[in-house]
Every structure is written in structure tokens, then in C-alpha cells.
Amino acid sequence: MNIEGLARRRTRRAVIASLALAIIVLVVIIVSLNTGSIRLSPLTVAKTLLGYGSGQDTMILFEYRLPRIVVTILAGIGLGVSGAILQGISRNALADPGILGIHAGAAFGLIVFISFFRTMEGPAALWIPLFTFTGGVLIAAVIFALAYDRFRGLLPIRLILVGIAVEAGVSAVTLFLSLRLDQDTYAFAARWLAGSVWGRDWVHAAALAPWIILLVPLAYMNSRSLDLFAMGDEVATGVGSPVTKSRIAMLALAVALSCASVAMAGGIGFIGLIAPHIAKRLAGPQHRHFLPVAAMIGLVIMVTADTIGRSIFQPNAIPAGVVVAAIGGPYFIYLLFRSKT
């Protein structure tokens, strides 16, 4: 098969995967809208969305359920794309914002924010992504500096080991700071660290939306740089790509997407690990094909995990982060053993 034929085949494969996932996304969102401690039928949801619902149904849907779903949609997209970028720039199939310690940096930034503002409600919530981004950038800079060899470049195995070590240290500091909070603020911090999206409203969705809307298309426009990284730094340099500048820029994008997402959705890991792997299987290895698919898979995982956590385990809701970890932990072990074979 010639190159043009192969390219058309990969494009067709990516389009089919995207269309199938779009249908799954729609189904997952509809199920999530109908699911909760107070169940609303599909007809009731449709009537309420069109403005013909009762006062109670309108309050449940627009004040509680929809903001939470929008936050999980945006966070799932951000985490899926962030994981794909990190795996691309590090050439490490096990790279993930949580595993590399970036989430730990975001958690540190959030605890610093809570220590000053003592709340996540109202206009103050708009500052949260900035604090988590700052924490994530600082930790990412430390990790990549320690994992970089001036002769051999970025070492994938060292990246994972350094990330785990730095995450442990930062998590210990974060825990120490959280223990100094008052009881109510500590309870919130504990829920956030577990990956709970309980209590999210439109302010949180508005704080997260600009980061996802602006940065995800920017990442897609730079997908060619990620393809060049997969060939190695020498090849990328040989075709005229500014490897160091591109890697730093893409790292900043990944950190921003990850930190903004976990700022509103909590410390949820493994989505950035799972989504790119499934996307590559469905859409092929080129980033321009599988980045949109990874975004939709992250969305599906995130919304499904939150729906399962707040419906199946009623009356005690389980944080979405716990549900994702129950799936992602065994999957990470599977990938780890597979990479050794």
C-alpha cells in the first residue's frame, strides 16, 4: 500500500472512531442527566431543558446536575489531551500527569489557595486554576530537570522514577499543610484529593472552560511536533524542529490542561494514562488523528466514573477519582508488565 493510501486509511479509521465515540458521549451524557439521588426520566429532562419543567426539576437539573456534568466533561477532555501530550514529549507510554507528580504540584497549589482564601465558592474560584497551574509548573520543572541528561536528553525511565519520588515528597508537604486547616476546610480538601466533584456549580465550569477551549485546539495545531518527538530528538532536529523550545511549549500546555482540570475535578489520576492508549488503538499513532479521540475517551471515562459514583453506591456517593483509580490501577500494572515483554 502506498503512502497516500495508508494516510487515507488512517484518516478514515480516525473519523469512524470519532463518530462512534461521539455517539457514546451523547449516550453517557443523557444517562448522567437522568441519574442521581433523585431520578429524572428522559422525557422530564427533555422538557426541563426546553423550559417546560417544574420548579424542582429545573433546580435539580440546572443548579446541581448540569454544572457538575459540564465540569466533568471539560476535565475529562483536559486530562485525556494532557496525557497524550506528556506521552508524546517524553516518548514514554506510562507517562501520566498523576504518575509524573504534576497532580501533586496542583494539589500543593490548591492547598496554598485554600490556606489564604478558605473557600472554593464564588468569584474566588476563578483564581484556583492559576494557583494549581503554578504548583504544577514548579513541580514539572523540577521533575524534568532531574530526569534530563545533557548527553542523552530526556530519559523515559528516569522521568517515571523521579516523578514518583517528587510526588511522594510534595504529597507529604501537602498533607502536612492540610492538617493545619480548620475542620470544614480540611473536609473539603480531603474530598478534593479523593477526586470528588460534589458541589460544583457554574462558577467552577466558567473557571475551567477558557483553559480547555483555548488550549486543546492549540495542542492539536502543534500535533506535528509530537509526531516528530516520537522519531527521536536527532531526527526532529534534522528536519528543522526546535526540539527544546517545542518540548517546553508542549510541556506547558500539558501542565496547564492537567492542573486546570484537577483544580475543578479533584485529584483524579490515570485518565491521562488510559485515554491515549485506547485512542492510539482506535485511531492510529499520528497525534492529529488520536488527540481528538483521546479527548472524547477522557470525557467518557470521567462522566461515567462520576455517574457510577453518585448512583450505584447510593446513598453514599463515591468520588469519581476512586472509581477511576479502581480501573486505572490494574490497567497501569498491565501496561507496566507489557512494556517489559
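1. Arg 310 is buried, with a relative accessible area of 7%. In this predicted model, its side chain meets that of Asp 306 in a salt bridge, at 3.3 Å from N to O. Both residues lie in helix α13, 4 residues apart, which is about one turn of the helix. Salt bridges with shared partners join Arg 310, Asp 306 and Arg 68 into one network.

2. Which side chain meets that of Arg 68 in a salt bridge? The partner is Asp 306, and the N to O distance is 2.9 Å. Asp 306 lies in helix α13 and Arg 68 in helix α3, so this pair ties together parts of the chain that are 238 residues apart in sequence. The structure holds 2 salt bridges.

3. Are Asp 306 and Arg 68 buried or exposed? Asp 306 has a relative accessibility of 1% and counts as buried. Arg 68 is buried as well, at a relative accessible area of 15%. The cut-off that applies here is 20%, and buried means a value under it. Arg 310, at 7%, is also buried. As a general point, side chains of opposite charge can pair when their charged atoms come close.

4. The largest pocket has a volume of about 520 Å³. It is lined by 24 residues, of which Ser 37, Tyr 64, Arg 68, Trp 198 and Arg 310 are the closest to its centre. Two of these names, Arg 68 and Arg 310, return from the salt-bridge network that includes Asp 306.

5. Where does the lining of the largest pocket come from? Helices α3 (55–90) and α13 (287–311) each supply at least two of its residues. The largest share, 6 residues, comes from α3. By residue class, the lining divides into 10 nonpolar, 7 polar and 7 charged.

6. Val 25 has its place in helix α1 (residues 3–34). Val 25 is buried, with a relative accessible area of 10%. What separates the C-alpha atoms of Val 25 and Thr 237? The distance is 39 Å, for two residues 212 apart along the chain.

7. Ser 223 is found in helix α9, which covers residues 223–230. At 7% relative accessibility, Ser 223 counts as buried. From Ser 223 to Met 250 there are 27 residues in sequence and 9.4 Å in space, taken C-alpha to C-alpha.

8. Phe 270 has a positive phi of about 75°, although it is not a glycine. Most residues other than glycine have a negative phi. Phe 270 lies in the loop between α11 (243–265) and α12 (271–283).

9. Which residues make the nonpolar surface patch of about 560 Å²? They are Phe 116, Phe 117, Leu 126, Trp 127 and Leu 130. Leu 130 has its place in helix α5 (residues 128–147). Leu 130 is partly exposed, with a relative accessible area of 39%.

Key: Residues numbered from 1 in each chain as written. Predicted model: local features only at pLDDT ≥ 70, side-chain atom pairs only at ≥ 80, totals over all residues. Heavy atoms only, no water. Patch = residues over 30% accessible without salt bridge, like charges linked within 9 Å, V, L, I, M, F, W, Y side chains within 5 Å. Areas by Shrake-Rupley, 256 points an atom, 1.4 Å probe, with all protein chains shown as cover. Salt bridge = Lys/Arg side-chain N within 4 Å of Asp/Glu carboxyl O. Buried < 20%, exposed > 50% of the residue type's maximum accessible area, 1.4 Å probe, protein only. 1 Å grid on protein atoms, 1.4 Å probe; cavity = no way out; pocket = protein on both sides within 12 Å on 5 of 7 lines; lining within 4 Å. Points joined across faces, edges and corners; volume = space filled by probe spheres on them. Nonpolar A, V, L, I, M, F, W, Y, C, P; charged D, E, K, R; others polar.
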